[in-house]
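Here is a quick tour for someone meeting this structure for the first time. Take a look at the sequence and the 3D view, then read on.

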Amino acid sequence: MESKHLEDTQKHLEDWLRDAHAMEKQAEKMLKAQASRLEHYPQVQQRIEQHITETQNQSQKLEQCLTLLGSDSSTFKDMGAQLAAFGQAVGGMMAEDEVVKGSIASFAFEQFEIANYKALVKTAEMASQPEIAQLCKEILQEEIAMADWLSEHLDETTQAFLERSADSDLRSKT
Ligand code: MG
Ligand code: FE
């Protein structure tokens, strides 16, 4: 690639790594809010807690990517506003059906992350940054695994919710 093009691609890579970092910070907030309300759904809670740890590591990997680019990784942007819709769907859940709504919103959020990392892998490759591409691929695999888990367990989670709901309805009528 021509050096002007390479420079431009690296600039985009840096910007998008910073966006991804903000995305992970938002993800961490949402996952924590969700995990705290899932005591009746231990399997879902456990998987979310695992993903909180993964998410924290992902933020660190992104900081590592920025360091590899020679970019300052001590200051980050807050993308709260841009991701507020997801935040409301997941973090603000107070309704009784939150486990179902939360699973749906989390699945959508994971798809958003997957698309972001796919674009980052491609950008890192085009910017001649194979180590960054590798780190982003590792993160991508974790996002795919989380999305798959949520999708595979949605039937079970929905059924468990509906059964609990019917049970408590019955109890309140006797
Ligand atoms: Mg993530
Ligand atoms: Fe994720």
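## How the helices pack

Before we get to packing, a word on axes: they are lines fitted to C-alpha atoms, for helices over the stretch in contact, and angles run from 0 to 180 degrees between N-to-C directions. Helices (H or I, at least four residues) are DSSP runs, numbered from the N terminus. What you're looking at is a predicted model, where local features need pLDDT of at least 70, side-chain atom pairs count only at pLDDT 80 or more, and totals for chains, interfaces and linings use all residues; side-chain values use heavy atoms, with hydrogens and water left out. Residues are numbered from 1 along each chain as its sequence is written, while chains are lettered from A and ligands numbered from 1 in the order in which they are written.

Now for α1 and α4: they pack at an angle of about 160°, and their axes are 10 Å apart. The two are therefore roughly antiparallel to each other (angles under 35 degrees count as roughly parallel, over 145 as roughly antiparallel, 65 to 115 as roughly perpendicular and the rest as oblique). Their crossing is left-handed, a label used if the near helix is turned anticlockwise from the far one by less than a right angle, with right-handed used if clockwise.

Helix α1 (residues 3-35) also meets α2, with axes that come within 9 Å and cross at roughly 160°. That makes α1 roughly antiparallel to α2. Here too, α1 passes α2 in a left-handed crossing. Sorted by class, the contact of α1 with α2 has 10 nonpolar, 8 polar and 8 charged residues (Ala, Val, Leu, Ile, Met, Phe, Trp, Tyr, Cys and Pro count as nonpolar, Asp, Glu, Lys and Arg as charged, and the others, Gly among them, as polar).

## The magnesium ion

Distant parts of the chain are linked here: Glu113 sits in helix α4 (residues 98-126) and Glu143 in helix α5 (residues 130-173), 30 residues apart. Both Glu113 and Glu143 are buried (under 20% relative accessible area, with exposed meaning over 50% and partly exposed in between, using a 1.4 Å probe and protein chains only).

## The iron ion

The iron ion (ligand 2) has His51 (NE2), Glu110 (OE), Glu110 (OE), Glu113 (OE) and Glu143 (OE) as protein donors, at 2.0 to 2.7 Å. Their spacing along the chain reads H-x58-E-x2-E-x29-E. Again the chain is spanned: His51 is in helix α2 (residues 42-68) and Glu110 in helix α4, 59 residues apart. His51 counts as buried because its relative accessibility is 0%, and Glu110 is buried with a relative accessible area of 3%.

How far apart are the two metals? The iron ion and the magnesium ion are 3.1 Å apart, and Glu113 coordinates both.

The structure holds 0 disulfides, a disulfide being a pair of cysteine sulfur atoms within 2.5 Å. Cys65 is buried, at a relative accessible area of 0%, and Cys136 is buried with a value of 0%.

Notes:
Donors are N, O and S atoms within 2.8 Å of the metal (3.2 Å for Na, K and Ca); water is not among the atoms, so sites may look incomplete.
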